[in-house]
Amino acid sequence: MNNIDVAIVGAGPAGLAAATRCREFGLDVTLFDEQPAPGGQIYRGVTRSPLQDPSVLGQDYWDGAPLVRAFAASGAGYVNDATVWSVVAANGGVTLGVAAGVPAARTAHMIDARAVILCTGAIERPFPIPGWTLPGVMTAGGAQILLKTAGVVPQGRTVLAGCGPLLWMLAWQYLRAGVAIEAILDTTPRWRMAQALGHAPDFARSPYFAKGRELVRTVRRNVRLVEYVSALAIEGEVAARSVRYRVDEREHTLAADCVLLHQGVVPDVNLAQAAGCSLAWNDLQACFAPATDAWGGTDVAGIYVAGDGGGIAGALAAAPRGRLAALAVANVLGRISHATRDPIARHDRADVATSLRGRAFLDTLYRPTDTFRLPSGATIVCRCEEVDAQTIIALARQGCAGPNQMKAYVRCGMGPCQGRFCGLTVNALIAREQRRDPADVGYYRLRFPVKPVTLTEIAAVPTTAEAVKSVVRP
């Protein structure tokens with residue numbers, strides 16, 4: 001086993017900033033990341049973009065490059081193409097199960113660390129509508145990854161549907177890349193702006209306001225926008241061919257070869273929850289997030305969470321949140337005192353506060369409606385196991401207690417994604433049918449491995465004398 005001071009999972013802005021700051025205090029740090037290069041989701045491919053025109057992705061994307069450069073110069077260890085499939089806190093430390101290497105020759109290792117900072121980031125919220133599993137349909141975030149890493153854009157008739165800042169950002173980037181967009185079908189309800197207006201003054205003072213206003217204006221001038229869409233379905237036999245939508249009780253159909261869906265992002269909680277960290281329900285964002293203190297500390301000793309994996313706040317807040325977690329770790333491990341930690345933390349907290357200014361406006365405006373969070377009929381909920389909404393609703397009406405019992409009944413959440421695509425939908429359907437609070441219904445009970453790992457990789461993990469004694473007769 002390898003022994004280090006701090007293990008960091010995820011090379012997005014939070015992980016990069018956390019690793020760099022840990023090194024400033026002389027801590028032995030290794031950052032593990034699934035991608036081939038650092039940057040995370042928001043700055044994915046920032047050091048190796050294939051796009052010849054840097055203006056396509058916008059300046060906010062390229063602002064991630066200094067984080068990567070600072071990390072590279074810090075002396076922190078870095079393991080790319082690495083899957084962290086377990087995190088276990090015990091005996092005053094944390095042990096990570098890591099599989100790394102090229103696909104044909106991956107090996108598994110157990111890494112001992114004195115502390116771990118989980119920077120797993122966000123994943124896109126499930127968008128279960130009829131036809132969402134058809135070829136030609138994908139998430140807006142997935143499409144943006146293709147643009148960033150390979151310069152790939154959709155061909156044919158392209159429709160964007162849903163709500164949220166990422167949908168507008170992708171439309172803006174596609175326009176700059178020369179992609180013709182048939183339409184944006186905006187599912188934000190007509191009355192939602194009135195709800196959000198109370199938070200507008202703070203939003204107007206946020207770093208997002210001016211940039212967002214110009215971005216939205218550009219998209220509105222160049223793309224057909226259909227607002228107040230109240231129902232969506234993607235039609236096609238073997239692939240997407242059209243989108244059927246409703247506005248003001250009138251049905252419309254729009255031909256489409258590629259449909260990109262999005263209705264916000266939520267924290268990727270699987271690794272933290274499997275490690276034993278408690279989750280808390282955020283009703284404004286309609287999702288679970290790890291319960292943390294002001295430093296990112298969880299209720300499991302030695303495990304910290306930073307960035308959007310600990311609650312959606314955006315890229316600008318992720319880096320200072322990573323630095324705050326690093327300060328807490330450096331303090332706990334005896335490298336700095338409270339007297340040193342707290343003045344430095346004030347600057348990071350101010351950066352977080354600035355980044356969060358007006359966040360309530362976005363969260364209120366773009367909170368998905370029940371129509372799009374709560375599917376019905378034969379609409380697939382669990383893509384991995386092909387479990388539909390009517391099956392889950394029927395079992396909920398029969399008294400199924402929660403997602404874990406639902407998993408035992410019909411295997412939802414047991415596929416390769418381990419509930420990432422269906423967990424929130426199953427929770428929401430049970431809560432509605434039983435008139436319970438989502439926090440009371442709860443989430444899947446997750447176990448290791450949280451990502452696919454082969455038996456060969458696990459079998460190759462070096463064993464300890466204690467492990468051998470536990471399975472070998474004397």
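Two strands count as paired when DSSP finds at least two bridges between them. Strands themselves are DSSP runs of E with at least two residues, while helices are runs of H or I with at least four, and both are numbered from the N terminus.

Welcome to this structure. It is a predicted model, so local features need pLDDT of at least 70 and side-chain atom pairs count only at pLDDT 80 or more, whereas totals for chains, interfaces and linings use all residues. Residues are numbered from 1 along each chain as its sequence is written, and side-chain values use heavy atoms, with hydrogens and water left out.

**The chain as a whole**

The protein chain holds 19 helices and 21 strands. Its radius of gyration is 23 Å, close to the 23 Å from the globule rule for 474 residues, so the chain is as compact as a globular protein of that length. (The radius is taken over C-alpha atoms, and the rule is 2.2 Å times the number of residues to the power 0.38.) Along the principal axes, the C-alpha atoms fill a box of roughly 70 × 50 × 45 Å.

Of the 474 residues, 53% are buried, that is, under 20% relative accessible area with a 1.4 Å probe, counting protein chains only. Among contacts (heavy atoms within 4.5 Å) with a separation of 6 or more, 67% link residues 24 or more positions apart.

**An open sheet**

Five strands form an open sheet with parallel pairing, in the order β8-β15-β9-β10-β11. At the edges stand β8 (137-139) and β11 (225-226), each with a single partner strand, so one side of each has no neighbour in the sheet. T139 stands opposite L261 in β15.

**Strand pairs side by side**

| Pair | Direction | Bridges |
|---|---|---|
| β8 and β15 (residues 258-263) | parallel | three |
| β12 (residues 229-235) and β13 (residues 242-247) | antiparallel | six |
| β13 and β14 (residues 250-255) | antiparallel | six |

**Two hairpins**

Let us follow β12 into β13. These strands form a hairpin with six residues between them, and G236 in the turn has a positive phi of about 155°. V229 has V247 in β13 as its bridge partner.

β13 also takes part in a hairpin with β14, this one with two residues between the strands. In that turn, D248 has a positive phi of about 50°. Across this pairing, V243 stands opposite L254 in β14.

Key: Buried means under 20% relative accessible area, exposed over 50%, partly exposed in between (1.4 Å probe, protein chains only).
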